[in-house]
Amino acid sequence: MQPSAIDPVASEQVDESTVTIEEIAQMVDDLFTAMLELDVNASPIEPPEVTDETLSATVQISGDRNAIIQVFASHDLATKIATAMFAIEANELSEEEILDALGEVVNVIGGNVKGIFDQECALSLPCVGPVPQPLPEDALTTAFELEGEPITVLFKDRT
C-alpha cells in the first residue's frame, strides 16, 4: 500500500518533490472505497478522450507550491457519485448537487495533494463545469474505473 496524505504518519515519509500516480491511486481508492463505498479499481487505465459532454472539477494549490488538480467524469458518473455522497436517489438530485459532488471529489483529492507537499500553501475552492481547453501540457494524467466508467485525475505542478 502506498502512503497517502490521509495517513499523516505515512505522508511524512513521502518525497515532497512530486506526486506519483501511485499516490493519486491511493487517494482515489480511499475516497471512493472508504468514504463513498463505491466500486473503484485503483489500477490506472488509459484516460479516455475528453468530449464536450465531459464534466470537469478543478482546484488550485498556491503558495510555496503551486499546482492544479482536475477531475473529469461523465455526467452519469457524477450522478452516481452524488447519489452515494448525498444518499438520495438519482431522480431526486438537482443539477447543482451533481456538480457539487464532483467538486467535492476534486476538493478531497486536492486536499490530499496539498498534505503531501507539507509546505505553506492554500487550496482554492472547486470550480466545476465544462473541461477548460487547452489542458495543461506535461501534466500527470491518469484514469481509474469507477462504477464501470472512467474517472480521470490530472495533476500539474506549476512550481
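**Close-up 1. I81 sits in helix α3.** Helices here are DSSP runs of H or I with at least four residues, strands are runs of E with at least two, and both are numbered from the N terminus. I81 is buried, as its relative accessible area is 0%; buried means under 20% relative accessible area, exposed means over 50%, and partly exposed lies in between (1.4 Å probe, protein chains only). Leaving aside neighbours within four places in sequence, I81 is in contact with F32, L36, L38, A101, L102, V105, L146 and I151, where contact means heavy atoms within 4.5 Å. One of these partners, V105, is 24 residues apart from I81 along the chain, and the two C-alpha atoms are separated by 8.7 Å. A word on the model: it is predicted, so local features need pLDDT of at least 70 and side-chain atom pairs count only at pLDDT 80 or more, while totals for chains, interfaces and linings use all residues. Residues are numbered from 1 along each chain as its sequence is written, and side-chain values use heavy atoms, with hydrogens and water left out.

**Close-up 2. Helix α3 packs with helix α4.** Two packed helices are described by the angle between their axes and the distance between the axes. Here α3 (residues 75-86) and α4 (residues 95-117) pack at about 85°, with axes 8 Å apart. That makes α3 roughly perpendicular to α4. The axes are lines fitted to C-alpha atoms, for helices over the stretch in contact, and angles run from 0 to 180 degrees between N-to-C directions. Under 35 degrees counts as roughly parallel, over 145 as roughly antiparallel, 65 to 115 as roughly perpendicular, and the rest as oblique. From α3 come H75, A78, T79, I81, A82, M85 and F86, and they meet E95, E97, I98, D100, A101, L102, E104 and V105 of α4. Sorted by class, this contact has 9 nonpolar, 2 polar and 4 charged residues. Ala, Val, Leu, Ile, Met, Phe, Trp, Tyr, Cys and Pro count as nonpolar, Asp, Glu, Lys and Arg as charged, and the others, Gly among them, as polar.

**Close-up 3. K80 and E149 meet in a salt bridge through their side chains.** The N to O distance is 3.2 Å; a salt bridge is a side-chain nitrogen of Lys or Arg within 4 Å of a carboxyl oxygen of Asp or Glu. This pair links distant parts of the chain, with K80 in helix α3 and E149 in strand β7, 69 residues apart. K80 counts as partly exposed at 34% relative accessibility, whereas E149 counts as buried at 17%.

**Close-up 4. D157 and R65 form another salt bridge.** Their side chains come to 2.5 Å, N to O. D157 lies in strand β7 (residues 149-157) and R65 in the loop between β2 (55-63) and β3, 92 residues apart. R65 is buried, with a relative accessible area of 7%, while D157 is partly exposed at 26%. The whole structure holds 2 salt bridges.

**Close-up 5. Q70 lies in strand β3 (residues 67-73).** Q70 counts as buried, at 2% relative accessibility. Its side chain makes a polar contact with the side chain of T58 at 3.3 Å. Such a contact is a pair of N or O atoms within 3.5 Å; within protein, one must be able to donate a hydrogen and the other to accept it, and residues adjacent in sequence count only if both atoms are side-chain atoms. Not counting residues up to four places away in sequence, Q70 touches several others, including S56, A57, V106, P132 and L154.
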